[in-house]
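Please have the sequence and the structure open while reading.

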Amino acid sequence: YGIINRKQIGEIIKKRRKSLKISQPTLAVLAGVGVNTLVSVERGVGDPKISTILSILDTLGLRLNISLK
């Protein structure tokens, strides 16, 4: 994925969560984040900590890759 903003990260997280048939409350518990935080991340709003994003991605079996643009 060529991610350039929070909204795209949120869309990827939401798509993966739905493909795994996991509810937002369940994912929030598994990732150790609040439901409201997860909802905000999926919507691409707010300013979540990178540790929050990494926890959600890890729980979903995803990882963040960084490269030069």
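Which residues does Arg16 touch, not counting residues up to four places away in sequence? They are Leu60 and Leu62, where contact means heavy atoms within 4.5 Å.

This is a predicted model, in which local features need pLDDT of at least 70, side-chain atom pairs count only at pLDDT 80 or more, and totals for chains, interfaces and linings use all residues. Residues are numbered from 1 along each chain as its sequence is written, and side-chain values use heavy atoms, with hydrogens and water left out.

**Arg16**
- Arg16 lies in helix α1; helices are DSSP runs of H or I with at least four residues, numbered from the N terminus.
- Arg16 counts as partly exposed because its relative accessible area is 28%, between the limits for buried (under 20%) and exposed (over 50%), with a 1.4 Å probe and protein chains only.
- Thr59 is 43 residues from Arg16 along the chain, and their C-alpha atoms are separated by 11 Å.

**Arg6**
- Arg6 also has its place in helix α1 and is partly exposed, at 43% relative accessible area.
- Beyond its neighbours within four places in sequence, Arg6 is in contact with Val41, Gly44, Gly46, Asp47 and Pro48.
- One of these contacts, Gly46, is 40 residues from Arg6 in sequence and 8.9 Å away, C-alpha to C-alpha.

**Positive patch**
- Lys7, Lys14, Lys18 and Arg43 form a positive surface patch; patch residues have over 30% relative accessible area and no salt bridge, and like charges are joined within 9 Å.
- A salt bridge is a side-chain nitrogen of Lys or Arg within 4 Å of a carboxyl oxygen of Asp or Glu.
- Helix α1 (residues 6-19) gives the most to this patch, with three residues.
- Lys18 lies in helix α1.

Methods. Patches are made of residues with over 30% relative accessible area and no salt bridge: like charges are joined within 9 Å, nonpolar side chains (Val, Leu, Ile, Met, Phe, Trp, Tyr) within 5 Å. Accessible areas come from the Shrake-Rupley method with a 1.4 Å probe; for residues, only the protein chains shown count as cover. Lys and Arg count as positive and Asp and Glu as negative; His and the chain ends are not counted. The place of a charge is taken as NZ of Lys, CZ of Arg, CG of Asp or CD of Glu. Helices (H or I, at least four residues) and strands (E, at least two) are DSSP runs, numbered from the N terminus.
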